[in-house]
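Let me put the structure up, and then I'll walk you through the sheets, the helices and the cores.

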Amino acid sequence: MSSHPRIAIIGCGLVGDIHRERLLASGAEIVAISDPDAAALSRLASRLRKRPKLFRTETDLLAAGLAEGAVICTPHGQHAAQIDACLDAGVSVLCEKPFVAESVEARRLVEKAETLGKTLYVSFTRRGRGHARFLEQAARRIGPIRHATLLRSQPWLEKHKRTWRVHPEAGGGFLLDNGASMLDLLSRLMDEPCVQAEGFLRKRGGAEDDIDCEACLTFASGSKATVTLLGDTPEITERILLFGEQGTAAWSLHEDATPELYVRAAGGPTENGEPADYRTLSPDAAFVMALCGKFPEPIHHAATALPAIEMVEKI
């Protein structure tokens, strides 16, 4: 296997450009890109030192047989069909979060990839970030977790109000676009199935899909979690509080302030964490390694994305 796998990017917008940078840093060769928008296609091509082959559709790109892996960065509603097409063409896939919108489709695609012997990863970048890794370790120390509180707010609507992300037919909405990442982290912190969810979705600013979400989730042991997602606020704020039988842990982030990350076992001192000390491979780096035959810790495997999709469905 080559140490520089040949990869295609399907979807050349802002997210596609982020993946371009990460893929190149991981040693991949970007050989082809596709997008129906000629301007986006040309813009991404101009940012690659070695010019890739350009295609207006993923069908034509896959038919050319140039790539062994593809990164899908298109609207969520297109992911399932594009993953199918890639797997049928014998191409492994790294798909942008939240993978697909329905758990039935997710299971089918995971099984298909396994049957065909192809890698299928999902890009939940929060999984590899230091604060998330710290909290996962903290949860095991202080658990079982009896209650978790998660808050995420940001000026998402202002940024995306003229894009596909606010249209339900494209798979938009703040819950699916951004909230799924928080729910994915929640599932990893609780480490047990969610059995019930009650949620309230609210539209704002003329958007056709949800901008705010408030939800209460119940897990198999009876543990609870509350999740608040606000997509139309003036600043980015993120707070996570964990209350376990053996202690507490927390993460707090907002603009123009030093982030707070700590764990405190019952009866012990507060232990502060430095996120940089806990970071791990990005989804892109893990995908490149997998294509090289070096399989890292399987935290980006598509099967692990199922709990978050199921929670979105319940809400």
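Predicted model: local features only at pLDDT ≥ 70, side-chain atom pairs only at ≥ 80, totals over all residues.

Residues are numbered from 1 along each chain as its sequence is written, and side-chain values use heavy atoms, with hydrogens and water left out.

E2 (residues 29-34) and E3 run parallel, joined by three bridges. When I say helix or strand, I mean DSSP runs, H or I of at least four residues and E of at least two, numbered from the N terminus; strands pair if DSSP finds at least two bridges between them. The sheet they belong to is open, six strands in the order E3-E2-E1-E4-E5-E6, with parallel pairing. Which strands stand at its edges? Strand E3 (53-55) and E6, each with a single partner strand, so one side of each has no neighbour in the sheet. On average, neighbouring strands here are turned by 20° against each other, direction ignored.

Now the helices on that sheet. Helix H1 (residues 14-25) lies across strand E1 (6-10), E2, strand E4 (69-72), strand E5 (92-96) and E6, at about 165° to E1. Helix H2 (residues 38-46) touches E1, E2 and E3, and its direction makes about 170° with that of E2. For the angles, axes are lines fitted to C-alpha atoms, for helices over the stretch in contact, and values run from 0 to 180 degrees between N-to-C directions. Contact is heavy atoms within 4.5 Å.

On to the other sheet: open again, eight strands, E8-E9-E10-E7-E11-E12-E13-E14, with mixed pairing. Its edges are strand E8 (194-202) and strand E14 (271-272); each has a single partner strand, so one side of each is left without a neighbour in the sheet. You can see the mix around E7. Strand E7 (residues 145-153) pairs with strand E10 (residues 224-230) in the parallel sense over seven bridges, whereas eight bridges join E7 to E11 in an antiparallel run. In residue terms, Thr-149 faces Thr-226 in E10, and Ser-153 has Thr-237 in E11 as its bridge partner.

One side chain to look at is Thr-218, in strand E9. Is Thr-218 buried or exposed? Buried, because its relative accessibility is 12%, and the cut-offs are under 20% for buried, over 50% for exposed and partly exposed in between, with a 1.4 Å probe and protein chains only. The side chains of Thr-218 and Lys-224 make a polar contact of 2.8 Å.

Last stop, the cores, meaning buried Ala, Val, Leu, Ile, Met, Phe, Trp, Tyr and Cys residues joined through side-chain atoms within 4.5 Å. The largest has 73 residues, and Ile-83, Phe-99, Leu-186 and Leu-242 touch the most other members. Helix H8 (residues 174-190) supplies the largest share, ten residues. A second, separate core has 22 residues, including Leu-23 and Phe-287.

And helix H5 (residues 103-116): its buried residues, among them Leu-109 and Val-110, pack against helix H4 (79-88), strand E6 (120-123) and H10. Just after H5, Gly-117 takes a positive phi of about 70°.

Note on methods:
Polar contact = N/O pair within 3.5 Å; in protein donor to acceptor, adjacent residues only side chain to side chain.
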